[in-house]
Amino acid sequence: MPSLRMPCELGTMHQQEAYAMTCSAALAVAMCLAALAAACMAAAPLLVLLAPLYFVGELLFLMIWYYRYKLLSYQPLKHRPLSHDPVSSFEKAMAHLKVSADIKHFLSIWFHGAAFEDIKRENVADLLAYAFFYKTRDEIEAEGQAQELEAMVQFIELTWKVQLPPGRNSKLRWMCHLWEPMRCWYQPLGFYLFMEGAALLGALALRAAGFKQSS
C-alpha cells in the first residue's frame, strides 16, 4: 500500500504519521463495514429463522427492564429515619446556609428556577415539610406540628430579611426526589447490541491501523 501523507505536504513528521494512521483506521472501518454487509447478505435465510428468537429476547429484556425499574423506583411509605429530629436538622442546615448562601437564589433552584417573587409562604412551608419532616404540610398540621413549621418559615424571613407573600402558588413544584419516580427511558435490546458491536468494530479497526491501548 502506498504511504499516506497529508495534502500539500503540510505538517510535521509526527502529524504526517498521525494522519496516515487515521486514514488507515478509516480504510479499515470501511473494509469491516463491507465485510459485515456481505455477511448479512449471505446469512439472510438464517436471519429469517433467528428473527422470532430475537423478538422473544426483546420481550424478555423489556420484562426484566420493567421489573428493575419498578424495583429501583420503589418508595417506602416512610422515608424518615427513626432517629431524625426535624428541628435540629433545620438548625444545622440554616447554620450552613447563613455563611454564604443567597436565600432567594437557593429557593429559586429548589422550585425549578422559579422567580423568587412567585414563591409564596405556603410553597416554602411545603418544601420545608418535605425536606425536614419527610411529610406533607397537611400531615404536619394534622399531627399538631404546624407551629414548628411556621417557626422555620419565620426564621428564614428574619435571618435573610425577606418577606414571603402569603398564600400558595399552585403552579409551582419543588424538587421532591424521594417522592418522584426514577426518570429513565427504555431502549430496546437491539440498541445496546448495536452500540456494543460498533464499539467492538471501532476497536478492531484501530488495532488494524496500528494503534495500541496504553496501560
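# A tour of eight helices

Select Lys 161: with a relative accessibility of 73%, Lys 161 counts as exposed. The terms used here are buried for under 20% relative accessible area, exposed for over 50%, and partly exposed in between, computed with a 1.4 Å probe on protein chains only. The model is predicted, so local features need a pLDDT of at least 70 and side-chain atom pairs count only at pLDDT 80 or more, while totals for chains, interfaces and linings use all residues. Residues are numbered from 1 along each chain as its sequence is written, and side-chain values use heavy atoms, leaving out hydrogens and water.

Lys 161 sits in the loop between α7 and α8. Its phi is near 55°, which is positive although Lys 161 is a residue other than glycine. In general, most residues other than glycine have a negative phi.

Now select His 112, another non-glycine residue with a positive phi, about 60°. His 112 belongs to the loop between α4 (103–110) and α5. Its relative accessibility is 43%, so His 112 counts as partly exposed.

**Show the whole chain as a cartoon**

The chain has eight helices and zero strands. Here helices (H or I, at least four residues) and strands (E, at least two) are DSSP runs, numbered from the N terminus. Along the sequence the pattern is α-α-α-α-α-α-α-α. Of the 215 residues in the chain, 23% are buried. Contact means heavy atoms within 4.5 Å. Among the contacts in the chain with a separation of 6 or more, 71% are between residues 24 or more positions apart.

Two packed helices are described by the angle between their axes and the distance between the axes. Axes are lines fitted to C-alpha atoms, for helices over the stretch in contact, and angles run from 0 to 180 degrees between N-to-C directions.

Helix α3 covers residues 86–100 and helix α7 covers residues 146–160; their axes come within 11 Å and cross at roughly 10°. The two helices are therefore roughly parallel to each other. The angle classes are roughly parallel under 35 degrees, roughly antiparallel over 145, roughly perpendicular from 65 to 115, and oblique for the rest.

Show the side chains at this contact. From α3, select Pro 86, Val 87, Phe 90, Met 94, Leu 97 and Lys 98; they meet Glu 148, Met 152, Phe 155, Ile 156, Thr 159 and Trp 160 of α7. By class, the contact of α3 with α7 has nine nonpolar, one polar and two charged residues. Ala, Val, Leu, Ile, Met, Phe, Trp, Tyr, Cys and Pro count as nonpolar, Asp, Glu, Lys and Arg as charged, and the others, Gly among them, as polar.

Helix α5 covers residues 121–133, and its axis comes within 9 Å of the axis of α3, crossing at roughly 105°. That angle makes α3 roughly perpendicular to α5. On the α3 side, select Pro 86, Ser 89, Phe 90 and Ala 93; on the α5 side, select Leu 128, Phe 132 and Phe 133. The contact of α3 with α5 has six nonpolar residues, one polar and no charged.

**Select Arg 137**

Arg 137 lies in helix α6, residues 137–142. Is Arg 137 buried or exposed? At 14% relative accessibility, Arg 137 counts as buried. Leaving aside neighbours within four places in sequence, Arg 137 is in contact with Glu 122, Ala 125, Asp 126, Ala 129, Leu 149 and Arg 168. Draw a distance from Arg 137 to Asp 126: they are 5.5 Å apart, C-alpha to C-alpha, and 11 residues apart in sequence.

**Select His 177**

His 177 is in the loop between α7 and α8. Its relative accessible area of 48% makes His 177 partly exposed. Not counting residues up to four places away in sequence, His 177 touches Trp 110 and Tyr 130. From His 177 to Ala 131 the C-alpha distance is 10.0 Å, and the two are 46 residues apart in sequence.

**Select Cys 176 and Cys 184**

Cys 176 has 10% relative accessibility and counts as buried, whereas Cys 184 is partly exposed at 32%. How many disulfides does a search of the whole structure find? The search finds zero, where a disulfide is a pair of cysteine sulfur atoms within 2.5 Å.

**Finish at α8**

Helix α8, residues 189–208, has 20 residues. From its first C-alpha to its last, α8 reaches 29 Å, close to the 28 Å expected at 1.5 Å a residue. The expected span is 1.5 Å times one less than the number of residues in the helix. Gly 210, with a positive phi near 105°, follows α8.
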